[in-house]
Amino acid sequence: MSWMNTFLTSSIGRKLVMSVTGLFLITFLIVHCTINSMIFFNDGGEAFNKAAHFMGTNILIRTMEIVLFAGLILHIVQAYMLAAKNRQARPQGYAVSNPGANSKWYSRSMTLLGTLILMFLVLHISHFWSNSRLGGMMGIAPLEEVQIGDKEVLNLYQDMMVTFQSPFVIVIYVLGVISLCWHLIHGFQSAFQTLGVNHKKYTPVIKNIGIGFSILICLLFALMPVSIYAGWIC
Amino acid sequence: MTMNIKLRIWRQANAQAEGKLVEYQLNDVSANMSFLEMMDVLNEQLISKGEAPVAFDHDCREGICGTCSMYINGRAHGPQKLSTTCQLYMRNFTDGETITIEPFRAKGFPVLKDLCVDRSAFDRIIAAGGYISASTGQAQDANAIPVEKAAADSAMDAAACIGCGACVAACKNASAMLFVSAKVSHLALLPQGHPERKKRALAMVAQMDAEGFGSCTNTYACEAECPKGISVANIARLNREFLNASLISEEMPK
């Protein structure tokens, strides 16, 4: 399999890994955003808790959770390896540079934006993932349970309500989502280019869908902590 | 119309020496001089003062050979779109302006002296696969091999690449993808290039990586700075060619 090794360590092979994992993470964002948008039913969290219970107990979803973490780690590790290699490609920089004349700042700042998202993600996982999945283990307090129909399910809704009472947390979440938005605006269309999809008919459509998708999904994500803090959802 | 300008130019005695930016005042520069003519005037003054002239690459001065380079005020080939440095005129600058001139910077383009960089990495990439193998002998009849008009046009657009290296100089990753993609596309689009297309994509990308150029992050700075307007659609084509050769074809990498 030396051909596979040659491919995966080539510059284009590494980019393909970024592209495929990036698109996979985008599909995760769609699922994540859809499930969490259940809070907008404003039904005291019943729809959201039901959806969260399904996500937390379905064997297929739990298996995909492992794949998701693997994809996330691959995306992050490969990104930093590429960034390091790319820095080495220009040992001495320019005294005067005017990159704004030829490219967009967010396209040039994917590593920075990704690092901001990673920092946000550490906080986000510690807020919601660790206590719902690891509650009762490793000294992490378990979540309360709530009765829905004939089932006892974890009250993740209450967890959200409590977490989003702090203005500090709201600011961090909104900043995290803004970083994600710029990251996606470049990343969405860039993933297709790396896969070799550059087409007179489809590329303009892909670019527009990418921008629309990035803004829509990030608006929805930002609206969640903001509307809970503002008391629009209770 | 004439103007007085201040120049900050990268001076470096040789590949091993430490370099630095040196300031020069140049007066009575005609607005209708080309940038390289302005450099000639500066050099004549330096020579008459007994100083070493600034070394810079130039050849045809018609914008077609790809020899001139220079990173001018933070842009490859200066501020003018679709232009090489030799086709840049002093009227693009203003009286009293400070102009900073640096060599193209990339690990794959080591500085030889002052503003001259060694771009032979591009020659080695071409030698790795940027050619077709054809039997010698009588030239074939024209139109013996039908070529679709759109493909011929796209191949011609890709073949317009003059190999100047502005794409590498402008890219934040010093990536040579636009150059390599233009050369691969030019041949991949034509029937004459088909027999060796898999081998070509694998060999040229391998050589590009070996020369120490960075990877493409799709900022498209290369396309914006390319004096010949080479499109990043070629980069997508190179990605397709490489993915096809690596993952779908039975061609083995060397």
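A salt bridge is a side-chain nitrogen of Lys or Arg within 4 Å of a carboxyl oxygen of Asp or Glu. In this predicted model, Asp153(B) and Lys149(B) form such a pair, with their closest N and O atoms 2.9 Å apart. The two residues stand four positions apart in helix α3 (residues 149-159) of chain B, so about one helical turn separates them. Asp153(B) is partly exposed at 34% relative accessibility, whereas Lys149(B) is exposed at 58%.

**Salt bridges**

Over all chains, the structure holds eleven salt bridges.

| Pair | N to O distance |
|---|---|
| Asp153(B) and Lys149(B) | 2.9 Å |
| Arg124(B) and Glu211(B) | 2.6 Å |
| Arg197(B) and Glu241(B) | 2.4 Å |

The pair of Arg124(B) and Glu211(B) links distant parts of the chain, 87 residues apart: Arg124(B) belongs to helix α2 of chain B, and Glu211(B) to the loop between α6 and α7 (221-225) of chain B. Arg124(B) is partly exposed, with a relative accessible area of 39%, while Glu211(B) is buried at 13%.

The salt bridge between Arg197(B) and Glu241(B) joins helix α6 to helix α8 of chain B, so this pair ties together parts that are 44 residues apart in sequence. Arg197(B) is partly exposed at 23% relative accessible area, and Glu241(B) is buried at 7%. In chain A, a network of salt bridges links Arg62(A), Glu65(A) and Arg133(A).

**Chain B and its helix α6**

Chain B contains eight helices and seven strands. Its C-alpha trace spans about 60 × 40 × 35 Å along the principal axes, and 52% of its 254 residues count as buried. Among contacts in chain B with a separation of 6 or more, 69% are between residues 24 or more positions apart.

Helix α6 of chain B has 14 residues (197-210); at 1.5 Å a residue they should span 20 Å, which agrees with the 20 Å between its end C-alpha atoms. Buried residues of α6(B) are Arg200(B), Ala201(B), Leu202(B), Met204(B), Val205(B) and Met208(B). Their cover includes α2 of chain A as well as α2 (120-129), α5 (177-188) and α8 (233-248) of chain B. Just after this helix, Gly212(B) has a positive phi of about 90°.

**The interface between chains A and B**

How many residues of each chain are in contact with the other chain? In chain A there are 37, in contact with 50 residues of chain B. The two chains bury about 3500 Å² between them, of which 56% is on carbon and sulfur atoms. On the side of chain A, Ile12(A), Tyr94(A) and Asn102(A) lose the most area to chain B, together 18% of what that side buries.

Across this interface there are 23 residue pairs in polar contact and zero salt bridges. Helices α1 (2-9), α2 (11-36), α4 (59-88), α5 and α8 (167-194) of chain A each supply at least two residues of the side that touches chain B. That side is made up of 13 nonpolar, 20 polar and four charged residues.

**Two residues of chain A**

Ser109(A) sits in the loop between α5 (105-108) and α6 (110-133) of chain A and is buried at 16% relative accessibility. Its side chain reaches the backbone oxygen of Trp105(A) at 2.5 Å.

Thr27(A), in helix α2 of chain A, is partly exposed with a relative accessible area of 41%. A polar atom of the Thr27(A) side chain lies 2.5 Å from the backbone oxygen of Phe24(A).

Key:
Residues are numbered from 1 along each chain as its sequence is written. Chains are lettered from A and ligands numbered from 1 in the order in which they are written. This is a predicted model: local features need pLDDT of at least 70, side-chain atom pairs count only at pLDDT 80 or more; totals for chains, interfaces and linings use all residues. Side-chain values use heavy atoms; hydrogens and water are left out. Buried means under 20% relative accessible area, exposed over 50%, partly exposed in between (1.4 Å probe, protein chains only). A polar contact is a pair of N or O atoms within 3.5 Å; within protein, one must be able to donate a hydrogen and the other to accept it, and residues adjacent in sequence count only if both atoms are side-chain atoms. Contact means heavy atoms within 4.5 Å. Buried area is the accessible area (1.4 Å probe) that two parts lose on being put together, summed over both. Ala, Val, Leu, Ile, Met, Phe, Trp, Tyr, Cys and Pro count as nonpolar, Asp, Glu, Lys and Arg as charged, and the others, Gly among them, as polar. The expected span of a helix is 1.5 Å times one less than its number of residues.
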